[in-house]
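Visitor: I am new to this structure. Please show me how to read it.

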Amino acid sequence: MRVTTELLKQFGDISAKDSEYEKLIKEHIANVEYVHDLSKDYEGIVIGEIVEKEEHPNADKLGVYKVFIGNKRTQVVAGDKTLCIGDKVAYLPPGSYVPYTYYSDEKPVIIEAVELRGVKSNGMLGSEKELNLGPNHNNVFRLPQEAPVGEPFSEYYNLNDTVIEIENKGLTNRGDLFGILGIARELTAITGNKFLSPTWILKPQKKLHAESNCLNLEIINDAEALCPRYIGIAIDNISIKPSPIWLQSELVKLDIKPINNVIDITNYISAILGQPLHAFDYDKIISNDNAPDNKVIINIRMGKEGETILGLDNKLHELNDRTIVIADNSHPIAIAGIIGGKDSSVDESTKRIIIESANFDKNSIRKSSMNLGIHTDSATKFKHSLDPEMCLPALIKAIQLAKELASGSIASNIIDIYPDPQPLQKITIDIDKLNRHLGTSLSKDVISTILTNLEYTVTSSDKTFLTVKIPSWRKDIQLAEDIHEDIARIYGFDNIEIELPKKEIRPIRDNKIFELKKKTRKLLSTLGLNEILTYSFISPESFNKSNLDSNLAFKLKNPLSPELSLMRTNLLQTILPKVKENRDRGFKNFGLFEINIPHVKGYFDTEGLPKEEWHVSSIITNTQESKHSHFYIAKKYAKAIFSEKDQLIKFSLIAESFEQNIDDYSKATMNMFDPNVSAFCYLDKEVIGIVGELKENILLEYKLPQNTCAFDINLSKLVSTSLPDSKMKPVSIYPNFSIDLCLESNLDIKYSEIEDFLKKILNSAGSWGNTQCLDIYRDEKIPEKKRITFRIEGGENSKTLTDKEIKEKVSMISKKLNSKFGIKVI
Amino acid sequence: MEFKQKNLQKIYKELLQDQKKLSLQGLKKKYISKQGFISEAFNKISSIKIAERAEYGKEANELKNLYEEISQSLSQNKNIYSTREKIDVTAPFDFNTKEEQRPHFLNEIGTQHPLTKEVEIFTEIFKSMGFNVLESRQIDDDYHMFESLNFPVGHPAREMYDTFWTEDGFVLPAHTSTMQNRAMRMYGPPPIAVVLPGRCFRNEATDASHEFTFHQIEGIYIDKNVSLANMVATIKEFLEKYLETSLEVRIQPSYFPFTEPDCEFVISCPFCHKAGCSTCGHSGWIELMGCGMIHPNVLKQADIDPDTYSGFAWGFGVDRLTMIKRGINDIRLLRDSNLNFLKQF
């Protein structure tokens, strides 16, 4: 939304310096994108008159002109040979800036006196583009004949002004601020003054007398639900010509291209009031249509499938039954509120016009504009909800200007289809509640002054309440809280004295998973791994590469690209390429981990939403050659993550447990792991993680060395089990014994079975003991056996064991091991 | 190589051996890819002498049948298929592992990601101020993302959020506000004080300062008599603790459907103290976050009576603050997992 300080001053009573406008808008209305002080841009540029014209001796395309600039004549070479003696131009003397270059990316260009192919050029004659007034760069910009020679160009062209661009985002719910008048109203109130809308807005004169032959015009609204108001009038005797300089200048400053007087009038009023207007060529409609009796029928209706319209943008638009159109008796002549039709547009030959001032449903315009891909100023305004009450004032003002600037005469009644005007809404404000809500202590008077300054009407009040009538244009005001915002804004957020809340002292609730994640992050980064964050989106190909099923992945309806169209079902999937990238960078020994949520389709939580569980997943890669499985490195990390809960976790070889109780997530994940060198981690009967080596094809795919291991642990499941606080056992006061035991067992007996059994024996009947594995040996010649050496430390709670008793204990242990597992103690 | 029956028999034997050694993919490559043994065998059929051709064809077919049999049985057992010898996963290390080769943690210096570090710092401060912590979902529904936040269907402000949708109609949160309603229900009735960190997504092109994946932290505080003055003071208190400096703050109007009034929280630049520097774009001020008083409709959606209670909410981007604090000039580095970057933190 662009405004100029001069227009704001024209409509508002703003007690502030021009230079303060930006700050006031930022602090009280919405963010400002930029401010341009135009007066500086045109310094030194004066109006000149061509008094002599010569051919350039050395260049065909250049003209040499003598320009009179009030006090002297000077010579300028220009790339435009079409200038005639007597033409008025904008002369840029040496030392002045080219206004356009202020806004281009490069440094502003300063004019210098130069020789152009041997002819001296003392300055420049500006084109429309160089003067930043429009796009034309082919010709020197010509000024009207009455332009005063020698006067500053900026004064004649009303360019001593400042342009302020306000961010539309902050105005999303404020359709009324898409007109300069709305911003002027706010600034008036912000600076403590009362805003008064002009009479032509508050009390528009509807009864107008036809001043010439009546033109036949009928309006039929078949889309009342989406077009609450439609007003039209016919105007005759139009004389199309360029607008006067003041109007062109206003439009240029507002970044609207001047076209001709009629179109400029509609655009100007639209900019001031925020109410878009449209002008149709009456005769073009008559000649294109097959309506009887030389009558123009304006029909507001929904489009029809198959209908098309050539827009003012010179594009053919396909219409449908969800788009409101303005049609004549047979075809659409405009897409309502969005764009006019070329075939009924006003041009140089136009003599009679119809002016439309209407209100359309914001949602309908928003959708149509989006579906058709047409983004016009008019559509932007309608999208933000406009006030049907503004239709009439806008039309009246347009008629007045059409008479003044285009010699038009009224040729019909005002036809106003407005079946259901809404009464003004009333809202009661509780003064005390307002002050509690804002943390202020504003008196009723202060509040009521702010509101009346914004043209709310106070209808009744007592000590504690204030009832106000909401202005018709404030579509955003529905609740008392909306009015609180107006008070806070106008009073000034920064004038509110801040104060910390008075809060009850109470402990917060635990968030165990958040804390576990934090702990895991600290732990793994301390143990040499690097935390990464990768995208949740991934390509369909990635699933094949990592043995996963893309059918289990959530698919995006509107992905950024096909490579980012699915959601990962496993964190390892997105860690894998990152391991490869870092290896390519030259890193060889490292581990990456991510703590995040993988998403698998088909699982829902108690809210009926996709189940979300936190996982920690990691890949560790190493160049160190080893014939031993890297499973054991991953296991070491996993046990560190399980920490005190490790005692509840059982590791089970995938190849030997794949038929057991395995959830679908683990079933899918196990396809990434080599089943003979990887394990499920069971907590009770549930798999909470997978640890081990990745399958060969995955390693090949990502060019990872054999010495790579990975784990994927469900932290949400881990956290849901809690260990009771452990209780003290008797502390022995007698010395410990320590012996090393070498056991020979069959290969198929699991290490943990032996160790658990040992511990059980050691910790029974008044004795205690710990084991430590010193070695596991397998002789290639006896591959069906293995030898495990344990160091056993222990003791009795009630006495010191003698050497003899220790021997007896060992023999007891070996007997029990033998009878249980057939193990021999060597 | 000239293909004869002798070759076929050799291949047959090799295949029988390979089924124990090679993965399904390896077998595919070796036997039925374009230059695979079996493909070659069939390609060469025309070069075989006519007299031998019938016999050759028969054996080639047998070879092919064997391959199919093996590949079928392998793919059925794909999950458990392995060429490796089984290990005892309950042991602390493998057989015959020498002492110095026993499994150990990496002898490297690890790192925590700068973003998660920052999230932890933020939540720690808010916890010390009495705020609970609840993390945001990563897939949510329309109700939480929009409707419960006073964006009814068709609300134009929905367009301000370039939201990703899944094909089954779920929404990927474009802001952590998606947790507001849930947090109010979980921690209600008031007083309610919760911070809500989380990963968010927006469907926008990526460049040095825009990411389609980013982190936000939302906060809500609801009680009797909670005011806008309380909001400004609370956020200021947090920021001064975080930035370890005293700040000047400004509040500017903004627009969010779920707050009324809606504000933008602006602080004096903590790096140049308003002198103007590159971090604040030489303005001396930094727009840090959106905030506002929770809209009565949002409270009602969580069955909280707006006539009795009021509250405030705020939300800010973790990425941007981390970048400002660490001097990171390209947001894409945060999710690139480049160890040259990560090892700096």
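Guide: Start with contact. Two residues are in contact if their C-beta atoms, placed from the backbone, lie within 7 Å. Keep in mind that this is a predicted model.

Visitor: What covers the buried residues of helix 18 of chain A?

Guide: Several elements do. In chain A the cover includes strand 28 (537-538), helix 17 (540-545), strand 30 (590-596), strand 31 (615-621) and strand 35 (708-714). Helix 11 (339-342) of chain B is part of the cover as well.

Visitor: Which residues of helix 18 of chain A are buried?

Guide: L571(A), L572(A), Q573(A), T574(A), I575(A) and L576(A) are buried. K578(A), V579(A) and N582(A) are buried too.

Visitor: How many Å should helix 18 of chain A span?

Guide: Count 1.5 Å a residue; the 14 residues, 571-584, should then span 20 Å. The end C-alpha atoms of helix 18 of chain A are 21 Å apart, which agrees. After this helix comes G586(A), with a positive phi near 110°.

Visitor: How do I read two packed helices?

Guide: Two numbers describe them: the angle between the axes and the distance between the axes. Take helix 8 (residues 261-273) and helix 12 (residues 391-406) of chain A. Their axes are 10 Å apart, at an angle of about 145°. The crossing of helix 8 of chain A past helix 12 of chain A is right-handed. Helix 8 of chain A brings N261(A), V262(A), I265(A), T266(A), I269(A) and L273(A) to the contact. Among the residues from helix 12 of chain A are P393(A), A394(A), K397(A) and L401(A).

Visitor: At roughly what angle do the axes of helix 13 and helix 15 of chain A cross?

Guide: Roughly 65°, and the axes of helix 13 (residues 431-438) and helix 15 (residues 480-491) come within 10 Å. Helix 13 of chain A makes a right-handed crossing with helix 15 of chain A. L434(A), H437(A) and L438(A) of helix 13 meet E481(A), H484(A), I487(A) and A488(A) of helix 15.

Visitor: How do I read a sheet?

Guide: Strands of a sheet pair through backbone hydrogen bonds, either parallel or antiparallel. Chain B has an open sheet of seven strands, in the order 1-4-5-9-8-7-6, with mixed pairing. Strand 1 (132-133) and strand 6 (249-253) of chain B each have a single partner strand, so one side of each has no neighbour in the sheet. Follow strand 4 (residues 192-201) and strand 5 (residues 213-223) of chain B: they run antiparallel, joined by ten bridges. R199(B) has H215(B) of strand 5 as its bridge partner. Helix 5 (residues 114-128) of chain B lies across strand 1, strand 4 and strand 5 of chain B, at about 5° to strand 5.

Visitor: How many bridges join strand 36 of chain A to strand 38 of chain A?

Guide: Ten, and strand 36 (residues 737-746) runs antiparallel to strand 38 (residues 785-796). E744(A) has R787(A) as its bridge partner. Strand 37 (residues 767-777) of chain A is also antiparallel to strand 38 of chain A, with ten bridges. There D775(A) stands opposite T789(A).

Visitor: How many residues of chain B are in contact with chain A?

Guide: 90 residues of chain B are in contact with 104 residues of chain A. Helix 8 (228-243) of chain B gives the largest share of chain B's side, eight residues.

Visitor: Into which domains is chain B divided?

Guide: Domain 1 (5-80) and domain 2 (116-342). Their centres, taken over C-alpha atoms, are separated by 62 Å.

How values were computed: Residues numbered from 1 in each chain as written. Chains lettered and ligands numbered in written order. Predicted model: local features only at pLDDT ≥ 70, side-chain atom pairs only at ≥ 80, totals over all residues. Helix = DSSP H or I, 4+ residues; strand = E, 2+ residues; numbered from the N terminus. Expected span 1.5 Å × (residues − 1). Buried ≥ 20, exposed ≤ 12 C-beta atoms within 10 Å, placed from the backbone. Domains from an automatic or database assignment. Pairing = 2+ DSSP bridges. Axes fitted to C-alpha atoms, helices over the stretch in contact; angles between N-to-C directions. Left-handed = near helix turned anticlockwise from the far one by under 90°.
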